[in-house]
Number of protein chains: 2
Amino acid sequence: MSSQPKKVAVLLCGSGYRDGSEIRESVAALWALDKHGAEVSMFAPDGEAYDVVNCLTGQTVPGEKRQMRVEAARIARGQVESISKLKPSDFDALVIPGGFGVAKNFCDFALKGSAGSVRPDVQKVIEQFHSERKPIGAICIAPALVGLTLKNTPLTLTLGQASEAVDEIRKLGHQVELRPSSEWVVDEKNRLVTTPAYMDDQAPIAEVFTGIEGLVQKVLALA
Amino acid sequence: MSSQPKKVAVLLCGSGYRDGSEIRESVAALWALDKHGAEVSMFAPDGEAYDVVNCLTGQTVPGEKRQMRVEAARIARGQVESISKLKPSDFDALVIPGGFGVAKNFCDFALKGSAGSVRPDVQKVIEQFHSERKPIGAICIAPALVGLTLKNTPLTLTLGQASEAVDEIRKLGHQVELRPSSEWVVDEKNRLVTTPAYMDDQAPIAEVFTGIEGLVQKVLALA
């Protein structure tokens, strides 16, 4: 391990599993990055989230609006910059926690599957980390975002067990491995590390943490 | 360790360090409880939070209302019951994460200090766990809530380093030890375990987790 801490950008899109970044996955990533000596900066897009969902009932709240970066600040304890300020050249690696917001705010995968598209600012950031051969750690549904962004590069990744999301990402030519939440998949060639986390809704939180800590350690080793 | 998992109630009051339960502390507690074999049930009061704070700017959002239990469901992934359904006799221990909401929603300590009072439903739950000699783990500012509830019982607890909160709780006759976030304080007589967590705003998240895991292990050992 080098004496210089690795600089890692973490990308958030709100705070909550149904309309933003998955809270537990985000916290697990921040914990593992700190535990293993990384220096973290958090970023989120400015602008409204696609929707606001009552996480008790699962119902969309009609008319309610929340800002992605303002809500992400709940996880970030205020320390979250606009994605417009994220310069991949300043960082050694990128980590993207999951949550439904990733498939609704960062892209429209939740609605359009493999035919979906990615927010230009997010697309640019992911493309740049990839083209600079800096590792990307993608958690839960975030591997689908990376797969949608890098459509023309065959990736190896996991999205947990068999699902519609797996079928859609395979349509794009990516290789999708079926794994439990305590494991992670490494695409050495593309420096992409993925773990299912809450793709398994019933995964015990300690197993989700095991998978995310494994992902983080691998991302830092590749950085 | 007994073969029966210990049943632990976790008390939440929203989702976010400025107006609800501190997200990272709540997640750390859930992780440590799962890792050490406990069976967790989450509870929150129904009703509106005292206020809604924009966590990016630190400013209260005038006129905005959010429900404590609905927001807590973001951390709880939907699995959070009304505190009215919490029967201490069904549980072995109680854990209360911190966050400003604890001092504004569960009681008015943030406004009135040692002269403050506690929500009757929360007061009743804490009193009952204490009187049944079941351990209580209180994180960050939550020891102040317990100290306010159990005014007539001299407790030993920590609230981190010297602060106005420490002065106010000492006025109630409690013994307050000054500790870093990686440590925890055990009041064996009252079965109360406390750790400072984000009472130190700058504490590294891995240290906060260390303190909370230590608290959880001690709570489970006392249960």
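A cavity is a set of points, on a 1 Å grid over the protein atoms alone, where a 1.4 Å probe fits but cannot get out. Grid points are joined across faces, edges and corners, and a volume is the space filled by probe spheres set on the points. The model is predicted: local features need pLDDT of at least 70, side-chain atom pairs count only at pLDDT 80 or more, and totals for chains, interfaces and linings use all residues. Residues are numbered from 1 along each chain as its sequence is written, chains are lettered from A and ligands numbered from 1 in the order in which they are written, and side-chain values use heavy atoms, with hydrogens and water left out.

The structure holds two cavities of 30 Å³ or more. The largest cavity has a volume of about 100 Å³. Its lining consists of 17 residues (those with an atom within 4 Å of a point). Nearest its centre lie Ser15(A), Asp19(A), Arg66(A), Glu71(A) and Arg74(B). Two elements give two or more residues to this lining: α2 (68-76) of chain A and α2 of chain B. Helices are DSSP runs of H or I with at least four residues, strands are runs of E with at least two, and both are numbered from the N terminus. The largest share, three residues, comes from α2(A).

Helix α2(A) is mostly covered. Nine of its nine residues are buried (under 20% relative accessible area with a 1.4 Å probe, protein chains only; exposed means over 50%, and partly exposed lies in between). Among them are Glu71(A) and Arg74(A). Its cover includes α1 (23-35), β2 (39-44) and β3 (80-82) of chain A, together with α1 (23-35) of chain B. Just after the helix, Arg77(A) takes a positive phi of about 50°.

In chain B, Arg74(B) sits in helix α2 (residues 68-76). Arg74(B) counts as buried because its relative accessibility is 4%. Its side chain joins that of Asp19(A) in a polar contact of 2.8 Å. Such a contact is a pair of N or O atoms within 3.5 Å; within protein, one must be able to donate a hydrogen and the other to accept it, and residues adjacent in sequence count only if both atoms are side-chain atoms. Leaving aside residues up to four places away in sequence, Arg74(B) touches several residues of chain A, including Tyr17(A), Ile23(A) and Cys55(A), and also Ser15(B). Contact here means heavy atoms within 4.5 Å.

Helix α5 (residues 120-131) of chain A has twelve residues, which at 1.5 Å a residue should span 16 Å; its end C-alpha atoms are 16 Å apart, which agrees. The expected span is 1.5 Å times one less than the number of residues. Buried in α5(A) are Val122(A), Val125(A), Ile126(A), Phe129(A) and His130(A). Seen down the axis, these residues fall within an arc of 130°, so they line one face of the helix. The arc is that of the directions from the helix axis to the C-beta atoms. The face turned away carries the exposed residues Pro120(A), Lys124(A) and Ser131(A). Cover for the buried residues includes β1 (7-11), β4 (93-96), β5 (136-139) and α6 (142-149) of chain A.

Asn190(A) lies in the loop between β8 (185-187) and β9 (192-195) of chain A. Asn190(A) is buried, with a relative accessible area of 10%. Its side chain reaches the backbone oxygen of Pro154(A) at 3.4 Å. Among the residues that Asn190(A) touches is His130(A), one of the buried residues of α5(A).

Definitions and conventions: On a 1 Å grid over the protein atoms alone, a cavity is a set of points where a 1.4 Å probe fits but cannot get out, and a pocket is an open set with protein on both sides within 12 Å along at least five of seven lines; lining residues have an atom within 4 Å of a point.
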